[in-house]
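Reader: I would like to go through the labels attached to this model and see what each one rests on. Please set the values against the cut-offs.

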Amino acid sequence: MKNNAAIVYALFLIMGDFIALVAAFVVAYILRVKLDPRPIIQDIPADTYLYAFLTVLPLWILVHASIGLYTGEVYERRFKELGRLLIGSFLGTLVLIGYDFVAEDEIFPARLVVVYGLLLGFSFLVIFRSIARIGRQALFRYGFAVSNVLVIGNSPVTNEVISAISNTKSTGLRVIGAVGRKIEGFRVFTSFQEATQSIALPIHTIIQTELYSAQEKNNDILRYAHENHVSYRFVPGNSEIFVGNIAVELFAGLPMIAVHQTALIGWGRIAKRIFDVFVTSVIIVLLSPLMLAIIVLMKIFEPKGQVFFRQVRLTRFNHEFSVYKFRTHKTGLSGLSYKQAFQKLGQPELYDIYKANSYSLPFKDPRESTIGRFLRVSSLDELPQLFNVIQGDLSLVGPRALIPDELNTYLKKHAILSVKSGITGLAQVSGRKNISFDERRKLDMFYVQNWSFWMDIIILLKTLKAVLSGVGAK
């Protein structure tokens, strides 16, 4: 049986967005026309202004619908919803401006009404969506608008699925039975037919975690889902195959599932490169005086040493390149391997500590010079990597560029190397060096498989915050 809770919630969001936008532009009118003593472009009565706005507002709502703001894929993910709301606010404002341009009469008494409306509209939408999210979860806690789920399969993935959705208060999903695998705390059935005959509650969703060898059993499940309007989802047992970008396409006249290692393909890859070149060029121009000052200071404090440090790293498609950084190690230690540097210092035992602590020391690194320590803590040693971005070796955001010996120990390096390495990434903004090597690589894998332009923007903003606060720097 189909659960209409999602449809009701989507309609509620539509009405809420409508009211929030009306309230925003009414307040914008009051702020600029009624409370601001400055002259206006044209005296437009409040009822004329409101009528014109209400005429265009359905188009704004259609913009929201076109970018998925009323689908569970968006409104169930807070950051994704926030990004789409920001985009929708800009696009909706452009629709209003376009209408004002083609209309015979002016609809805005002053330009600031549009600016106020944009800012207030986005703010009111975020507030409303937050209240709606809280209210929806409150309903879940009392058992309202909950979808009943039947899980089918005897693979280990069955346990993972049930564990992920079993907290009804947050997910809005209630597992009412499992077919084929004994799960403690849940009702278990030996067959699909037994489950459908024994379960009194309506089944809203079926999740199948493995295909039966007998195709007729699979057909029975699909047929039941179609005939009873039940949502059906299939989770492949080998989940590593179905990651990244997935598309269903016709190949030689047959429908096939195309699985790419990463979502960063096609126009996304081109847009990312254009963004990298533009933003990096601006940053280099703005920070060139700072980089010049660092070069001068390094020449003053260590005149015999090299200013820049070069090291072979790996990037997309296993390509080796020389990464540029300001030298942070003492003269004579730069360019040596970790083990060689500690041996030259007469402290070879530090190498084991360094490796066990995710390639960092829990105390002051004796290899670092005085100015090098400052550069490392402030992350200013990374600035020359901006030129690697211009050359095309790196991206602003991506998996950390590692030396071959480090990355070769990771079994899934081929997946990480399906995109360009980056100056910053999820690992750096999720604790930087305070998390283990394996955890950092898992974050790299998540980025590769789930890339989005919005994710890049969030990572860059979090990187700026981490650098300014010095969180995780060593």
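Reader: Why is Arg-376 called buried?

Author: Its relative accessible area is 16%. Buried means under 20% relative accessible area, exposed over 50%, and partly exposed in between, with a 1.4 Å probe and protein chains only. The value for Arg-376 therefore falls in the buried class. This is a predicted model, in which local features need pLDDT of at least 70 and side-chain atom pairs count only at pLDDT 80 or more, while totals for chains, interfaces and linings use all residues. Residues are numbered from 1 along each chain as its sequence is written, and side-chain values use heavy atoms, with hydrogens and water left out.

Reader: What makes Arg-376 and Asp-381 a salt bridge?

Author: Their side chains meet with an N to O distance of 4.0 Å. The term asks for a side-chain nitrogen of Lys or Arg within 4 Å of a carboxyl oxygen of Asp or Glu, so the pair is counted. Asp-381 is classed as buried because its relative accessibility is 2%. Both residues belong to a network of salt bridges that also links Lys-325, Glu-368, Arg-373, Glu-382 and Arg-400.

Reader: How many salt bridges are there by this rule?

Author: The count is 19. Another of them joins Asp-36 and Arg-32, at 3.8 Å from N to O. Asp-36 has 14% relative accessibility and so counts as buried; Arg-32, at 6%, is buried as well.

Reader: What is the distance between the closest N and O atoms of Asp-444 and Arg-441?

Author: They are 2.9 Å apart, and the two residues form a salt bridge. Asp-444 and Arg-441 are three residues apart in helix H18 (residues 437-450), which means about one helical turn between them. Both are buried. Helices here are DSSP runs of H or I with at least four residues, strands are runs of E with at least two, and numbering starts at the N terminus.

Reader: Why is the ring pair of Phe-12 and Phe-128 called tilted?

Author: The ring centres are 5.6 Å apart and the planes stand at 45 degrees. Rings of Phe, Tyr and Trp (its six-membered ring) pair if their centres lie within 6.5 Å; planes under 30 degrees apart count as stacked, over 60 as edge-to-face, and the rest as tilted. The distance therefore makes Phe-12 and Phe-128 a pair, and the angle makes the pair tilted. Phe-12 lies in helix H1 and Phe-128 in helix H5 (residues 111-141), so the pair ties together parts 116 residues apart in sequence. Phe-12 is partly exposed at 39% relative accessibility, whereas Phe-128 is buried at 15%.

Reader: What makes the pair of Phe-25 and Trp-60 edge-to-face?

Author: Here the planes are at 80 degrees and the centres 5.7 Å apart, so the pair is edge-to-face. Phe-25 is in helix H1 and Trp-60 in helix H2; the pair thus ties together parts that are 35 residues apart in sequence. The relative accessible area is 1% for Phe-25, which is buried, and 2% for Trp-60, which is buried too.

Reader: Which residues does Gly-92 contact, leaving aside neighbours within four places in sequence?

Author: Gly-92 is in contact with Trp-60 and Val-63, where contact means heavy atoms within 4.5 Å. Gly-92 lies in helix H4 (residues 78-102) and is buried, with a relative accessible area of 0%.

Reader: Is Ile-19 buried or exposed?

Author: Ile-19 has 58% relative accessibility and so counts as exposed. Ile-19 lies in helix H1.

Reader: How do you know that strands S8 and S9 pair?

Author: Two strands pair if DSSP finds at least two bridges between them. Strand S8 (residues 308-315) and strand S9 (residues 319-326) have eight, in the antiparallel sense, so they meet the rule. One of the bridges sets Phe-309 against Lys-325 in S9. The two strands form a hairpin with three residues between them, and Phe-317 in the turn has a positive phi of about 60 degrees.

Reader: Which strands make up the open sheet?

Author: The order is S3-S2-S1-S4-S5, with parallel pairing. Strand S3 (188-189) and strand S5 (231-234) are the edge strands, as each pairs on one side only. Strand S1 (residues 147-152) and strand S4 (residues 205-208) run parallel and are joined by four bridges; Val-151 has Ile-207 in S4 as its bridge partner.
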